[in-house]
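Q: Hi! Could you walk me through this structure? I have some quick questions.

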Amino acid sequence: MSVIQPTKGKQYAKSLDEKNKTDKIDAGMLARMGLERDLMPWSRPNEQLRRLKRMSRERIGLIRDRNALTNQLHALNHSFDAFRDSVERLKERIALATKQLGEIETQMRELTDSDPELSKRTKHVITIPGVNFVTAITVIAETDGFANVGNRRQLVSYVGLDVVMKESGTLSWRPHISKRGNAYIRAGLYMAAVSSIIHNKTLKTYFNRLKDNGKPGKTGIVALKENCSS
């Protein structure tokens, strides 16, 4: 059995010039694709990676919730005649989210340490300046221990950081990243990219050169995320 990204199946279906779309037609299309293409066999991820992926995604969700609560608290503190009880409840919810984030990270470390091979691979990844344990384990878990990627270009594409260019005659559109890949890895790499500007001299020089050339800061961050993923 092989597992493919939905976009690949969609693109293959378009190449067949089939105007209709039914479950039967889709099944036939996938069967034909399996016969024609040399697809990579799917291997079931081990239990540790499956649990780490679930905890990593829970952690990202908690961070988003805490950020939203922090913004609400900031707005409430700067509003006229803020209701004190509402402020205290928001603070309690932020404190609870922070506590749960610590608990999740502790569990992730314990689970990683229980697997010698996974622990070794994680320690190797965090030797990259700006990449911490959480970022490393997010990438490893979401790629099933890199089982789904064979080279740098595949990893960049899987994350959705590959650059899409569109030109037609004299017209050209601004290049942008596809964002078709794994959004959880992109979210995990954001802080790694920001941190690399401070801790990685090579990437800091690269980022500053982009800014000197007139590139927006966000473009520089995306470029650093691509470097971190590769």
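Predicted model: local features only at pLDDT ≥ 70, side-chain atom pairs only at ≥ 80, totals over all residues.

Q: Where does Asp144 sit?
A: Asp144 is in the loop between H6 and helix H7, which spans 152-159.

Q: And which residues is Asp144 in contact with, leaving aside its neighbours within four places in sequence?
A: Those are Pro45, Leu49 and Lys53.

Q: Which of its partners forms a salt bridge with Asp144?
A: Lys53 does, with the closest N and O atoms 3.5 Å apart. Asp144 belongs to the loop between H6 and H7 while Lys53 belongs to helix H3, so this pair ties together parts that are 91 residues apart in sequence.

Q: Is Lys53 buried or partly exposed?
A: Lys53 counts as partly exposed, because its relative accessibility is 21%.

Q: How many salt bridges does the structure hold?
A: There are seven salt bridges in the structure.

Q: What about Glu47, what does it form a salt bridge with?
A: Glu47 pairs with Arg50, and their closest N and O atoms are 2.7 Å apart. Both residues lie in helix H3, three residues apart, which is about one turn of the helix.

Q: How accessible are Glu47 and Arg50?
A: Both are partly exposed: Glu47 has a relative accessible area of 39%, and Arg50 has one of 35%.

Q: Switching to helix H5 now. Which of its residues are buried?
A: H5 covers residues 116-125, and its buried residues are Leu118, Ser119, Thr122 and Val125. They sit on the same side of H5, because they cover an arc of only 125 degrees around the axis.

Q: So what is exposed on the other side of H5?
A: Over there, Pro116, Lys120, Lys123 and His124 are exposed.

Q: What covers the buried residues of H5?
A: The cover includes H3, helix H4 (84-113) and helix H6 (133-142).

Q: Which residue caps the N-terminal end of H5?
A: Asp115 does the capping: one of its side-chain oxygens lies 3.1 Å from the backbone nitrogen of Glu117.

Q: Back to Glu117's own side chain, then: which side chain does it meet in a salt bridge?
A: Glu117 meets Arg121, at 3.8 Å from N to O. The two are about one helical turn apart, because they are four residues apart in helix H5.

Q: And how accessible are Arg121 and Glu117?
A: Arg121 is at 32% relative accessibility and counts as partly exposed. Glu117 is at 47% and also counts as partly exposed.

Q: Last topic, the surface. Which residues make the nonpolar surface patch?
A: Met1, Val3 and Trp42 make a nonpolar patch of about 360 Å².

Q: Where is Trp42?
A: Trp42 lies in the loop between helix H2 (23-36) and helix H3 (47-77).

Q: One more: why does Trp42 count as partly exposed?
A: Trp42 counts as partly exposed because its relative accessibility is 37%, and partly exposed runs between the cut-offs for buried, under 20%, and exposed, over 50%.

Methods. Residues numbered from 1 in each chain as written. Heavy atoms only, no water. Patch = residues over 30% accessible without salt bridge, like charges linked within 9 Å, V, L, I, M, F, W, Y side chains within 5 Å. Areas by Shrake-Rupley, 256 points an atom, 1.4 Å probe, with all protein chains shown as cover. Salt bridge = Lys/Arg side-chain N within 4 Å of Asp/Glu carboxyl O. Buried < 20%, exposed > 50% of the residue type's maximum accessible area, 1.4 Å probe, protein only. Arc of directions from axis to C-beta. Contact = heavy atoms within 4.5 Å. Polar contact = N/O pair within 3.5 Å; in protein donor to acceptor, adjacent residues only side chain to side chain.
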